[in-house]
Amino acid sequence: SVLLLSCQQVATGAMTPGDFVMVNAYMQQLYLPLSWLGTIYRMVEDSFVDAEKMMHLLEIGPEVRDKPGASDLKVSQGVVEFDQVGFTYNETSNEVLNNISFTVRPGQTL
């Protein structure tokens with residue numbers, strides 16, 4: 001609305017085109033920081049929502065539990081091996097992993 005008013009004043013001769021450029025520059029200097037504040041507010045709000053979801057996930061207990069009196073798992077070799085592993089999120093989606101095979105020995109990284 002300010003720019004429209006300035007445009008009308010230029011058309012009537014009350015303002016010069018240079019004055020219009022100055023008003024436009026002032027408006028940009030005013031609105032750009034406000035735009036950034038809106039972006040930062042959305043980012044902070046999203047972070048709070050994500051933190052709330054994470055806290056909810058932490059409240060959920062594990063689905064698989066050890067039997068009472070179960071002994072601790074003893075790892076002797078420390079080898080991880082995937083042999084033709086496949087994975088999909090549900091029956092209707094594409095496979096994420098398809099026949100993946102690899103071995104990771106102690107001290108190796110993948």
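Helices and strands here are DSSP runs, numbered from the N terminus, where a helix has at least four residues and a strand at least two. Keep in mind that the model is predicted.

**Exercise 1. Find where V79 sits, decide how exposed it is, and list its contacts.**

Step 1: Look for the element. V79 belongs to the loop between α2 and β1, and β1 covers 80-87.

Step 2: Check the cover. Buried means under 20% relative accessible area and exposed means over 50%, with partly exposed in between. V79 has 33%, so it is partly exposed.

Step 3: Look for partners. Skip the neighbours within four places in sequence, and V79 is in contact with T103, V104, R105 and P106.

Step 4: V79 and G107 are 28 residues apart in sequence, while their C-alpha atoms are 9.5 Å apart in space.

**Exercise 2. Work out how helices α1 and α2 are oriented to each other, and which residues meet.**

Step 1: Know what to ask for. Two packed helices are described by the angle between their axes and the distance between the axes.

Step 2: Get the values. Helix α1 takes in residues 2-12 and helix α2 residues 17-59; their axes come within 9 Å and cross at roughly 175°.

Step 3: Name the arrangement. Angles over 145 degrees count as roughly antiparallel, so α1 is roughly antiparallel to α2.

Step 4: Name the residues. From α1 come V2, L3, S6, C7 and V10, and they meet P17, F20, V23, N24 and M27 in α2.

**Exercise 3. Look at the phi angles of Q84 and N99 and say what stands out.**

Step 1: Recall the background. Most residues other than glycine have a negative phi.

Step 2: Check Q84. This residue isn't a glycine, yet its phi is positive, about 50°. Q84 lies in strand β1 and is exposed, because its relative accessibility is 58%.

Step 3: Check N99. Its phi is near 55°, again a positive value in a residue other than glycine. N99 is found in strand β2, and it is exposed with a relative accessible area of 54%.

**Exercise 4. Which residues form the nonpolar patch on the surface, and where does I100 sit?**

Step 1: Collect the members. The patch is made by F87, Y89, V96, L97 and I100, and together they have about 470 Å² of accessible area.

Step 2: Check its cover. I100 has a relative accessible area of 31%, so it is partly exposed.

Note on methods
Residues numbered from 1 in each chain as written. Predicted model: local features only at pLDDT ≥ 70, side-chain atom pairs only at ≥ 80, totals over all residues. Heavy atoms only, no water. Patch = residues over 30% accessible without salt bridge, like charges linked within 9 Å, V, L, I, M, F, W, Y side chains within 5 Å. Areas by Shrake-Rupley, 256 points an atom, 1.4 Å probe, with all protein chains shown as cover. Salt bridge = Lys/Arg side-chain N within 4 Å of Asp/Glu carboxyl O. Buried < 20%, exposed > 50% of the residue type's maximum accessible area, 1.4 Å probe, protein only. Axes fitted to C-alpha atoms, helices over the stretch in contact; angles between N-to-C directions. Parallel < 35°, antiparallel > 145°, perpendicular 65-115°, else oblique. Contact = heavy atoms within 4.5 Å.
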